Amino acid sequence: MSFRQKLFLLILLPFTLLTALQIGGLQQVIKQIRKARESYEVSEIQTVASRIELMLRMMQNAAINLSRPEEIRRALERGDNNTLYDWSSSFSQSFDTIIFSDQDGIVVARAPDEFRFGDSIAELPFFTETPMDECYLGIAEIDGVKSIVVSRLIKKYNDIVLGNVTITIAITRERLASLVRDTNEILLSHKNSEPVSSNEAISPQEHAYRALPFTEEYAPMLSGFRIAFTDYSTYIRLLELQRTMTTSSLLALIITLLVLFLLLQRELRPYSWITHSLMDYAEQRIDLDGIREQLERMPKNNNRDAGRIAGALLRMLEAVQSNLSHIETIAQKDSLTGLANRRSLDSLLAAEIEKAFRYRTPLSVILLDIDHFKEVNDSYGHQSGDTVLKRLAALLETNSRSSDLIGRWGGEEFMIISPGSSAEKARVYAEKLRELLEKQEYSVQIQATGSFGIAEYHFGESGSSLIERADRALYRAKSGGRNRVELEPHDQAGKSV
């Protein structure tokens, strides 16, 4: 092997190691965020199941109420459209469609479309399958829109079938989005039907579906429902950053090595300097800043090409450090409020507990939950809800000490880690925040208040125990009327009292 080849390999090895280290570090961050995402989805799936059950319970109750009255039975026998419409219209504000059909599947009355009757639904699955179970529950296409359908038989003398009452709720992207607490996009399917998406750009085939954890009451009827979550924006940005970083790093590697190979024979000294710098990094004798310092101290001569390569390497190192800083920011910060996220709060709390234990200083944790936040989203939209979250984040940062650590714990819940504060001192601080939040004004008529739970660190207890006690205090604040501050005291053994 020639000297040129050996020198080329010496340069290739550290460059390859540098690229692999950066890509590997990014992969670890993506892996950690993926784990956090999977844990969060478990909670979201439970929320979706609960909200679907509530929706179906309302539909079933309405179907029962519209199948039993004697007046409805007589009207269905007579084909009395007006009477049936009057009954169905009183329920139509809660549902998209209410249909009365006779035993042959002919629509007798329909709300809210008063004059749409006479159509046949005899061939539709919810009509043909209802006589077998007396009540059908599933997904069917109504007027070209996939809908959740509850259909119930209407009988005379409990044995003569007069017809059906069918209640539907259209599965729109907006309704799917309302099933989750944050901004996740979801796919919902039932048995062998085509999945319905909260975003028409989502491909149903690219996602893994999970069964929804329904209660025993609804599990037999709803066993066909499946849900899938799409990749959320932070995760997608990281994947895009990984691809960009990998491509740019490999491209920079190839170009730089090619230029070095062509110029080695004429001007070896500058390249040897570069090689030694990279080898020092590969052998962990210096870090990225050390490489920059050595390249900046490279002897100046008339070799302009070597100077350009050193400059390119310096720019590449700056880009790498900028990318790493960007990755760290994404991994540690909440994308909406800019505060520390839950993963970051866990690390910060562990560090503060270690300090408090070592120096025997007080430490308190405050949990804040925005009262009735779902009503804000439902009444004014998620954009207004996001405005409330960002205003609260700004309020917390503006009115806190420089030593306080503030972050978004999840959804509408925030955490404040207050080093050096006793429970009483934290309570005074929380009362101040509560009053400021209550007086906060918004562009729309929103009245946002907060419930606070406080727990003081007991020497020797774990972070999870401290958070659990603060969470219990928060629960008392919410169950005690909300818009209040509650403390979670403990005895000398660290047990709650």
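Predicted model: local features only at pLDDT ≥ 70, side-chain atom pairs only at ≥ 80, totals over all residues.
Q: In what order do the strands of the five-stranded open sheet come?
A: The order is β2-β1-β5-β4-β3, and the pairing is antiparallel.

Q: Which strands stand at the edges?
A: β2 (107-111) and β3 do. Each has a single partner strand, so one side of each is left without a neighbour in the sheet.

Q: And how far are neighbouring strands turned against each other?
A: By 25 degrees on average, direction ignored.

Q: Is β3 mostly covered or mostly open?
A: Mostly covered. Six of the eight residues in β3 (135-142) are buried.

Q: How many bridges join β3 to β4?
A: Eight, and the two strands run antiparallel. Ile 142 has Val 145 in β4 as its bridge partner. The hairpin has two residues between the strands, and Asp 143 takes a positive phi near 55 degrees there.

Q: What about β4 and β5, how many bridges there?
A: 10, again in the antiparallel sense. Leu 153 stands opposite Asn 164 in β5.

Q: Which strands does helix α2 touch?
A: Helix α2 (70-78) packs on the sheet and touches β1, β2, β4 and β5. Its direction makes about 95 degrees with that of β4.

Q: Where does α3 lie?
A: Helix α3 (81-89) lies across β1 and β2, at about 35 degrees to β2.

Q: New topic. How much space lies in the second largest pocket?
A: About 770 Å³. It is lined by 26 residues; the closest to its centre are Arg 51, Ser 178, Leu 179, Lys 374 and Asp 378.

Q: Which element gives the largest share of that lining?
A: α1, with five residues.

Q: How does the lining divide into nonpolar, polar and charged?
A: Nine nonpolar, six polar and 11 charged.

How values were computed:
Residues numbered from 1 in each chain as written. Heavy atoms only, no water. 1 Å grid on protein atoms, 1.4 Å probe; cavity = no way out; pocket = protein on both sides within 12 Å on 5 of 7 lines; lining within 4 Å. Points joined across faces, edges and corners; volume = space filled by probe spheres on them. Helix = DSSP H or I, 4+ residues; strand = E, 2+ residues; numbered from the N terminus. Nonpolar A, V, L, I, M, F, W, Y, C, P; charged D, E, K, R; others polar. Buried < 20%, exposed > 50% of the residue type's maximum accessible area, 1.4 Å probe, protein only. Pairing = 2+ DSSP bridges. Axes fitted to C-alpha atoms, helices over the stretch in contact; angles between N-to-C directions. Contact = heavy atoms within 4.5 Å.
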